[in-house]
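Work through the exercises below with the sequence and the 3D structure at hand. Each task is followed by a solution that goes step by step.

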Amino acid sequence: MALLLLGLLATAATARHQWIQQQRQSGLLQQALANAAQARMRQPLDGAAMVLRSMQTVFLASEGMDQQEFAHYQQNLRPHQLSQGYVLTAFAQREASPDPSGAGTYRYQFVAPLEGNEVLLGFDISRQPENLRALQLARDRDLPTASAPFQLMQFQGAEGARGITVRLPVYSRGTVPLTVADRRAREIGALAVSLRLEPMITRALQGRVLEYMHVHIRDLDAAAGQELVFASAEAAPTLPAQVRQVDFGGRRWEMRLWPRRDTTEWGQLRAILVAGTAISVLLALLLWSQMTTRRRAVELGRRMSERFGESEARFRTLNELLPALVLLANGDGSRITYANQAARELLGDVVDSPLRALFADSRFCEDAIAAATGDSGWRSQEAMLAPARGEPFWTNASLAQVEVEGVPHLLMIATDTSAQRAMTERLHYQATHDELTGVLNRREFERLLREALAGRDDAAAAMPFALLYFDLDQFKLVNDLSGHAAGDQLLVQLARAMRAELGPGSLLARLGGDEFGVLAPGVDLAQAEALAERIRRSIERHIFRWRERTYTLSASIGLVMVERKGSTLKDLLAWADSACYQAKESGRNRVCTYREDAASTHRIGEMEWANRLRGALEQGHLLLDYQELVALDPAPGEGVHVELLLRMRDPAGGVILPGAFIGAAERYGLMPAVDRWVIHTALANFSRLHPCGSELRSCSINLSGASVEDDGLADFILDAVAAFGVQPQRLCFEITETVAVRDLRRVAQVMERLRAAGCRIALDDFGAGMSSFGYLKNLPVDNIKIDGSFVRDLGREPVSRIIVDAVTRIGHERKLLVLAEWVEEESVLSVLRELGVDYAQGFLLHRPERVVFQR
């Protein structure tokens, strides 16, 4: 009986021990799966945060952004690979509220991918409270912030349409805003990554987590009744649950995980109880079978050992599934004892190798081991790992001291960050280099110039440097004859040829279409001129072949030596541009060095006016005045005739007359753009030029010589006439005599096309040239305007009267209307009526006024 009692007690103890071990191993498995689920849930959220940080960097580096460029950068980031459940990346432009207390509006301006998400363009985020709260919190913290779950607009009515957005603000360029007030003041908009909850969570947890565990996820910060984010089962847990919390973007998600079934192996426990009882009975009844009983006990121990081994294998399997590199080494790091699957794939067979041998720089490992063994906790840092076979790669490595079976070990966990670093470097390269030629772009070149100037101002004995500014002569001919593809290829070849001539430390940049710049540090004037001459010769020697054509080009180069302190970037570029223009004026294909003299000062002044005019064109600061043309013998229903006069608004609010900037516009080729602006603006607002509205009889517009020589001018005018529905008979284009003689044949062709469409042509400043009467035989005109120098002195000089009389007679003989300008006295007006002039214009009759639509 004593033996039987001892056997039963031993059986019960063994069964209890086995049950405890099963519960412990099941708990460890559940904890490991819960930890893995917690880590996996952060991956898509961290991926979304990385996409937002990258796009925020793009916005800070870019001068301007449009939908195409936004989509291009978004595609390069490959967000579908970084974040499961990814839907789109979007940018919302902030528009201030007229009410100072209001939050303003945030309307989506860019969306990528656009297909399937068009409904979001122009949508105001403030209409979605969950989105707006996340946006405002992200703005104030400058950290990625997640919204509460809500129904995504583009999936309304579809199953699994709930999602979240991760937000990150975009601030204006400048220093990093550190306070909430600065961040609110500097905010220009917000970036967002939209994620669908159902695919995001199921893809993140797919595999062993959802295979073995039920998962419920609740948003602890959500409103009552809206807490549930995800549930893999409807029933509440009846078994003990693992609880984890995922904190991201200002929100707390509670994860509850419990086994799909009771993992206790009751069959084994019953077997132990039955076998133990049977063995005890047999021991009590059959003392002689002691040896047999001993063998059964040994077999039972073997089976129990196998079960313990299986539990340990399951635990190791969990580490094998982790995507991070997990390595375990002895206490001093001299031998690696374990490496998971991810570590073996990237590093090879590293077990038994020293931990220090994995690092390209062993100093990080030494410092990390010292910190870990010194009770400093985890030591994390960017480090490069160098496997014995394969390329080195960057990781975020963390090292800590742990105890395994009471023995100190070193645990290292590392994640591969090579793709992220490569993406950052690629974005930086794209932001600083010209996409076509691969040389520096203008923004980066100007930044380096500023640094060079600052270095000269800060250093006591700074070395001088040279700036070369040049553009290609006759480059437009290549584009016109062979197309822009040929021009692009030529620029690539020339950039390669120019780089070959640069010395060490010199920088080459593409500043515009066919404009380049070189920064050459540590050179004197003779060396700089020699460098410029080498570049000029390399361009001159280059022979470009495109299909059946062969081209040779030259370059006009402006050189500026920076040898004194106090110069600014604006001064430097103006001097270089002036020297380049001097090279062009001197016959092209040469190098000119900037020297301060009256001519250079005049050119720089013209450049200033040209820049101001460019700004006025871009910012809408050009103005139009009208002056009425008065009929001296009006017919019934004559109507109103006007001439449009160009003006420019001064930054201080004043008005600048054209005499101040027209010369610069003609010298720097801006007149075609100005003329086209006048034509387009006048035709688009034809019924709002004069107070008489649509009753305006005719409008006269002046054309410059550069515009008339443009082959596309007539097409532009006729397209605008058709687009805005203005009758061609109500338009008169004035061309000066000096313009007409520059290319008589081309001018005549343009005038014939416009007259054929119904427009009228006037020859302005008639009589100022030596051969004015001769041009009347060759030019198809409808009106002639007598030069004001003859009209102004009409009452005092007999010769002026004779000339005006002759012009009027000849004009009427050719069925032309004759107009006199500069009429400022009544006596002059009386003589004009006496001579039969048709129309008069001047301050006596009407002073110029602002057109109606610009008042």
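**Exercise 1.** How do the residues of the lining of the largest cavity divide into nonpolar, polar and charged?

*Solution.* The model is a predicted one, in which local features need pLDDT of at least 70 and side-chain atom pairs count only at pLDDT 80 or more, while totals for chains, interfaces and linings use all residues. Residues are numbered from 1 along each chain as its sequence is written, and side-chain values use heavy atoms, with hydrogens and water left out.

Begin with the search of the whole structure, which finds three cavities of 30 Å³ or more; a cavity is a set of points, on a 1 Å grid over the protein atoms alone, where a 1.4 Å probe fits but cannot get out, and its lining residues have an atom within 4 Å of a point. The largest cavity holds about 100 Å³ of space, a volume being the space filled by probe spheres set on the points. Of the 13 residues that line the largest cavity, Tyr 108, Leu 120, Asn 131, Thr 165 and Ser 194 are the closest to its centre. By class, the lining has eight nonpolar, five polar and no charged residues, where Ala, Val, Leu, Ile, Met, Phe, Trp, Tyr, Cys and Pro count as nonpolar, Asp, Glu, Lys and Arg as charged, and the others, Gly among them, as polar.

**Exercise 2.** Is His 214 buried or exposed?

*Solution.* His 214 counts as buried because its relative accessibility is 15%, and buried means under 20% relative accessible area with a 1.4 Å probe and protein chains only. Leaving aside neighbours within four places in sequence, the contacts of His 214 (heavy atoms within 4.5 Å) include Ser 232, Arg 256 and Trp 258.

**Exercise 3.** At roughly what angle do the axes of helix α14 and helix α15 cross?

*Solution.* The axes of α14 (residues 475–482) and α15 (residues 484–499) cross at roughly 140° and come within 6 Å; these axes are lines fitted to C-alpha atoms over the stretch in contact, and angles run from 0 to 180 degrees between N-to-C directions. Phe 475, Val 478, Asn 479 and Ser 482 of α14 make the contact with His 484, Ala 486, Gly 487, Leu 490 and Leu 491 of α15.

Note on methods:
Helix = DSSP H or I, 4+ residues; strand = E, 2+ residues; numbered from the N terminus. Buried < 20%, exposed > 50% of the residue type's maximum accessible area, 1.4 Å probe, protein only. 1 Å grid on protein atoms, 1.4 Å probe; cavity = no way out; pocket = protein on both sides within 12 Å on 5 of 7 lines; lining within 4 Å.
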